[in-house]
Amino acid sequence: MGVATLKETRSDQLLGIDVGYSRSRPTTGVAWCVDGNFGCARTHSDWDRRQRHIPASTTFSVIAIDGPLMPPDAPDDLGRFCERLFIRGAFQTRCKPGLSHHGHGLALRKAAAETAAQVRHLAAAPMIAKSVIPGAAIIEAFPNAFLGVLLENERFAMSKAAKRRKFDWLYDHSVESRVFDRLLRAIGWNNETLLQKVTTERDHEKRAAWICLLTAATAAAGKSEIVGDDAGGWLWLPPAELWAEWARQALAENRAAVSASGTTGS
């Protein structure tokens, strides 16, 4: 996939941001790793307050943002290939994305672009493949799917979460099934302090920020499964070998269905 390995990038300089676009409430989560130290905070959407929770004078190897990241020239009404792959089949009820070309999704897309612009000066030059932000190692995280594809089929047979609480449901089940332990081992980031922080976190926005940070770490390790196309951008997901069988099968089926409809992508 062309993603740089840990030896080629500073794997200990990573940033994850859960985009929140409320102008009045602290709905943004920020998580970082610098020189083996970790931090996480909940803050607001403006840069003045966001930057207070990001270590100063740091150039981050990879920055992962939870929000639709598309090429600068992509039209507002573009339906994304990566989203079409996750709104059908088994993903539809388990970890589907919102569509980013209308309504709430379009507002989130604009907030993600604003966030990327805020932190672009903090990002290293891209040593990773498929970066849609010119000259910056900034990638798109998708926390619901990042967790969902790692959970076994049996987990989804349990009591379902309400739509508004889906992410926290996925997070709780990921903790119970030791998903984070397996992921950290797979990317060579064995850190008990981080594992403790992630598995005991209860705040919704901070949880999302931790998943963004893990997305950045997975990319830095060259272990990401990258789904999408050049026109609409890419979702960065966990290593394919960790995916549950149902998720691998669902993605293959959806690729075939989308391909049969005449839509291209990777």
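**Ground rules.** I worked from a predicted model, where local features need pLDDT of at least 70, side-chain atom pairs count only at pLDDT 80 or more, and totals for chains, interfaces and linings use all residues. Residues are numbered from 1 along each chain as its sequence is written, and side-chain values use heavy atoms, leaving out hydrogens and water.

**Whole protein.** I looked up the secondary structure and found ten helices and seven strands. These are DSSP runs numbered from the N terminus (helices H or I, at least four residues; strands E, at least two). The radius of gyration is 17 Å, close to the 18 Å from the globule rule for 266 residues, so the protein is as compact as a globular protein of that length. I note that this radius is taken over C-alpha atoms, and the rule is 2.2 Å times the number of residues to the power 0.38. The C-alpha trace spans about 50 × 40 × 40 Å along its principal axes. Next I checked burial: 55% of the 266 residues are buried (under 20% relative accessible area, 1.4 Å probe, protein chains only).

**Helix H9.** I then turned to H9, which covers residues 204-220. Its 17 residues reach 25 Å from first C-alpha to last, close to the expected 24 Å (1.5 Å times one less than the number of residues).

At the start of H9, a side-chain oxygen of Asp203 comes to within 3.1 Å of the backbone nitrogen of Glu205. Just after H9, I noted a positive phi of about 70° at Gly222.

Technical notes. Polar contact = N/O pair within 3.5 Å; in protein donor to acceptor, adjacent residues only side chain to side chain. Buried < 20%, exposed > 50% of the residue type's maximum accessible area, 1.4 Å probe, protein only.
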